[in-house]
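Please look over the structure below before reading on. A short report on its parts follows it.

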Amino acid sequence: WAPAEPAPKRRRGLWIGLGIGALVIGGAAVASTILIAPGTTVAGIPVGLMTPGMATEAISARLADTEVTLTGAGDDAVVTGADLGASLDAAALADQAFAERPAWNVGAWMGDPIEADITLDPEAADHALRAAVPASFEDPVEATVAFDEKSGTYVTTPAEPGTGIDVTALTAAFADATAKGQTSLSFSGDAVEAEASISTEEATAAAEKLNGMLSSIGFYVGKERTVPVKPAVAASWLTVEDVDGELKITADEAAIQKMVDTLPKAVNREVVNATSITDSGGNVLKTITEGKDGRTLGDTSDVAADFATQLEGGDAVYALTVDSVPFETTALFRRIEVDLSEQRTYLYENEKLVKSWAISSGLPGSPTDQGRFRIYAQLYSQNMGREDITKAPFYYQPNVPYVSYYNADEAFHGAYWHNDFGRQRSHGCVNMPVDAARYVYEWATKGTEVWVHS
């Protein structure tokens with residue numbers, strides 16, 4: 001008989017040791033699923049073996065703490081990334097690093113740097129640099145656009161450059177240093193030329209655009225600028241402002257509304273029917289009255305707001321909505337008839353007799369030609385014949401009134417030198433009482449048909 005041996009302690013210890021090893025290995029496996037691969041950098045900033053949250057904080061902190069020593073005129077003043085508003089999308093880049101390079105993927109370890117765009121906030125950088133090196137800054141003069149009352153046009157004031165520290169170049173230097181893993185860099189604080197945000201060319205282009213608008217601005221019915229807007233009035237509606245370094249046009253809706261309220265009086269009108277003189281073929285020889293459509297302005301409740309929007313976009317032509325009533329045209333066919341056997345002239349309108357007078361046609365030695373003719377020229381007054389009556393045509397009559405030529409040198413005209421109408425007396429023309437000749441002169445027109453017969 002012998003007592004039983006106790007269980008070896010070594011075995012129990014081995015079991016405990018294996019458990020601890022398993023836990024360590026298990027912890028590493030779990031860690032590899034939440035960490036970024038070793039050797040990973042974002043914009044030159046190490047983020048390996050960090051969670052995305054830790055990496056976000058590390059990236060932001062590195063940017064904020066990076067120091068810039070301003071040399072030259074800067075006299076070694078120091079500003080930080082935080083002062084300059086240095087930034088990039090740290091959270092998105094950290095998430096990208098983890099997604100592309102998790103620690104469990106051994107093949108992703110020690111990979112190429114993840115590049116990123118670092119920016120400096122222009123306003124924060126300008127403020128910090130001005131405070132650090134005020135002598136390097138002189139503000140540029142921005143080009144401007146303003147309305148000139150005297151000329152009635154928009155004119156420009158040219159830009160003038162200033163000085164400052166080149167933020168664009170500083171941004172590139174900052175990003176380059178960060179990419180190289182540096183936490184500090186030097187940059188010149190000396191002044192360089194700083195262009196105005198609104199250049200002379202931009203102001204000139206804006207003025208040309210505005211002046212083009214002034215040349216056409218108004219309220220239109222069809223192609224007719226029914227209600228023009230004076231340049232000074234239009235300028236009182238418009239404001240030209242620098243918005244983020246760009247000239248923008250804004251329009252005052254309330255000011256436009258004041259003119260919109262006057263539109264009905266300016267636009268509404270009764271129909272005006274047309275009247276024209278025609279020949280027997282219906283061809284218009286002269287328009288006595290221009291026809292105009294009647295019209296009534298439509299709803300104007302949105303006109304001011306819509307026009308303001310148009311003007312801000314550079315469109316100065318506002319098309320009004322109207323209800324129209326078309327005009328009608330009355331055609332007056334006018335003709336003149338000369339009856340040589342009766343020694344009378346007759347005026348007809350649409351074949352209705354209008355007037356008739358006794359006349360004096362050509363004597364047998366210089367008869368008035370018969371036939372169908374048209375009036376081709378009209379003179380208020382003319383000297384006829386020659387002052388030297390010893391030469392052909394052997395007569396002279398100065399200031400013959402109301403002459404209407406219809407056949408070569410034959411015409412209707414007033415005869416102030418006799419009152420023997422109803423008998424032949426002329427050299428071929430149709431002599432008429434002065435008042436009658438005046439009536440023909442005003443009633444007929446070029447192209448009016450003339451029939452001379454016996």
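The sections below take up helix pairs, sheets, a hairpin and some single residues.

## Basis of the report

This is a predicted model, in which local features need pLDDT of at least 70 and side-chain atom pairs count only at pLDDT 80 or more, while totals for chains, interfaces and linings use all residues. Residues are numbered from 1 along each chain as its sequence is written, and side-chain values use heavy atoms, with hydrogens and water left out.

Helices (H or I, at least four residues) and strands (E, at least two) are DSSP runs, numbered from the N terminus.

## Helices H2 and H4

Two packed helices are described by the angle between their axes and the distance between the axes. Axes here are lines fitted to C-alpha atoms, for helices over the stretch in contact, and angles run from 0 to 180 degrees between N-to-C directions. Helix H2 covers residues 52–65 and helix H4 covers residues 90–100. They pack at an angle of about 135°, and their axes are 8 Å apart. H2 and H4 are therefore oblique to each other. Angles under 35 degrees count as roughly parallel, over 145 as roughly antiparallel, 65 to 115 as roughly perpendicular and the rest as oblique.

The crossing of H2 and H4 is right-handed. A crossing is left-handed if the near helix is turned anticlockwise from the far one by less than a right angle, and right-handed if clockwise. Which residues meet? From H2 come Pro52, Ala55, Thr56, Ile59 and Ser60. From H4 come Ala90, Ala91, Ala94, Asp95 and Phe98. Contact means heavy atoms within 4.5 Å. By class, this contact has 7 nonpolar, 2 polar and 1 charged residues. Ala, Val, Leu, Ile, Met, Phe, Trp, Tyr, Cys and Pro count as nonpolar, Asp, Glu, Lys and Arg as charged, and the others, Gly among them, as polar.

## Ser60

Ser60 sits in H2 and takes part in the contact with H4. Buried means under 20% relative accessible area, exposed over 50%, and partly exposed in between (1.4 Å probe, protein chains only).

Ser60 and Tyr416 are 356 residues apart along the chain. Their C-alpha atoms are separated by 109 Å.

## Helices H9 and H11

Helix H9 (residues 253–260) packs against helix H11 (residues 303–312). The angle is about 125°, and the axes are 8 Å apart. H9 and H11 are therefore oblique to each other. H9 passes H11 in a right-handed crossing.

H9 brings Glu253, Ile256, Gln257 and Val260 to the contact. H11 brings Val303, Ala304, Ala305, Phe307, Ala308 and Leu311. The contact of H9 with H11 has 8 nonpolar, 1 polar and 1 charged residues.

## A sheet of 3 strands

An open sheet has the strand order E4-E3-E10, with mixed pairing. Strands E4 (77–80) and E10 (184–188) are at the edges, each with a single partner strand, so one side of each has no neighbour in the sheet. Neighbouring strands are turned by 30° against each other on average, direction ignored. Two strands pair if DSSP finds at least two bridges between them.

Strand E3 (residues 67–71) runs parallel to E10, and 5 bridges join them. Thr69 stands opposite Ser186 in E10.

## A sheet of 4 strands

A second open sheet has the order E25-E26-E27-E28, again with mixed pairing. Its edge strands are E25 (377–385) and E28 (430–432), each pairing on one side only. The twist averages 35° from one strand to the next.

Strand E27 (residues 410–414) and E28 run parallel and are joined by 3 bridges. Phe412 has Val430 in E28 as its bridge partner. Helix H12 (residues 434–443) lies across E25, E26 (396–407), E27 and E28, and runs at about 40° to E26.

## A hairpin and its loop

Strands E22 (residues 344–349) and E23 (residues 352–358) run antiparallel, joined by 6 bridges. Tyr346 has Ser356 in E23 as its bridge partner. The hairpin has 2 residues between the strands.

Most residues other than glycine have a negative phi. Asn350 in this hairpin takes a positive phi near 50°. Glu351 lies in the loop between E22 and E23, with a positive phi near 65°. Glu351 is partly exposed, at 45% relative accessible area.

## Asp244

Where is Asp244? Asp244 is in the loop between strand E14 (238–243) and strand E15 (246–251). Its phi is positive, near 55°. At 81% relative accessibility, Asp244 counts as exposed.
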